[in-house]
Amino acid sequence: MPTKPTRADLAAATERTLPDVVAPGLAVLFSGINPGLYSAATGHHFARPGNRFWPALHRCGFTPRQLRPAEQDELPALGLGITNIVARATARADELTAAELREGAERLAALASRYSPRFVAIAGISAYRTAFDRPKATIGPQQDLVGGARLWVLPNPSGLNAHYQLPALVAEFRTLRAAARA
């Protein structure tokens, strides 16, 4: 497949899933909402150009350099991993049902229980509120645990999230990084 997926590649990616990037004892297991079609077509998490996950991860100090989505398998050696609340790919997160998000929260708890990360960091406050039935939740650390791991909510790193520009996103990631190193 070419570096940039074609329209046909994107159409074929509907309903695909991405493998989790996970290992036992991670410092942080990041969880997206669900894969977008671009990510599903490429096979890499947070792959759409304009997504700020990889720049934020580096600029806050989690990674020694800015990794490309295709380098996601380097994360476990850095104590990091990636999964999604809902595994199936869609064009937009609003295509997911509340029931799917709640089921995804259960899957995420089982994954965290199995691999024992110190933190699970969910990138997307709205999805977190629905999946975990916490309608008043805010960005940052949560009181709840998920699968025994401390729970943290980050802003969605999508380039479409105008509420958080890259410097503010980096600041939120940096706060998590400080907690994960403590």
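Which pattern does the protein chain follow when read along the sequence? In this predicted model, the order of elements is α-β-α-α-β-α-β-α-β-β-α. The protein chain has 6 helices and 5 strands.

**Overall dimensions and surface**

The C-alpha trace of the protein chain spans about 45 × 40 × 35 Å along its principal axes. Of the 182 residues in the protein chain, 49% are buried. Among contacts with a separation of 6 or more, 69% are between residues 24 or more positions apart.

The accessible surface of the protein chain comes to about 8900 Å². Carbon and sulfur atoms account for 52% of this surface.

Helix H6 comprises residues 166-181 and includes Thr-175. Is Thr-175 buried or partly exposed? The relative accessibility of Thr-175 is 41%, so this residue counts as partly exposed; the class lies between the limits of 20% and 50%.

Arg-177 also lies in helix H6. Which residues does Arg-177 touch, when those up to four places away in sequence are not counted? The partners are Cys-60, Gly-61 and Phe-62.

| Residue pair | Separation in sequence | C-alpha to C-alpha distance |
|---|---|---|
| Thr-175 and Arg-134 | 41 residues | 21 Å |
| Arg-177 and Thr-97 | 80 residues | 31 Å |

**Aromatic pairs**

A pair of aromatic rings is described by two quantities, the distance of the centres and the angle of the planes. How many aromatic pairs are counted in the model? The count comes to 8 aromatic pairs. One of them joins Phe-46 and Phe-53, with 4.1 Å centre to centre and 10° between the planes. This pair is classed as stacked, because planes under 30 degrees apart fall into that class. Phe-46 and Phe-53 are both buried.

Phe-46 and Phe-53 also belong to a cluster linked by ring pairs, together with Phe-30, Trp-54, Phe-62 and Phe-173. Phe-62, a member of this cluster, is also one of the residues that Arg-177 touches.

Definitions and conventions. Residues numbered from 1 in each chain as written. Predicted model: local features only at pLDDT ≥ 70, side-chain atom pairs only at ≥ 80, totals over all residues. Heavy atoms only, no water. Helix = DSSP H or I, 4+ residues; strand = E, 2+ residues; numbered from the N terminus. Buried < 20%, exposed > 50% of the residue type's maximum accessible area, 1.4 Å probe, protein only. Contact = heavy atoms within 4.5 Å. Areas by Shrake-Rupley, 256 points an atom, 1.4 Å probe, with all protein chains shown as cover. Phe/Tyr/Trp six-rings, centres within 6.5 Å; stacked < 30°, edge-to-face > 60°.
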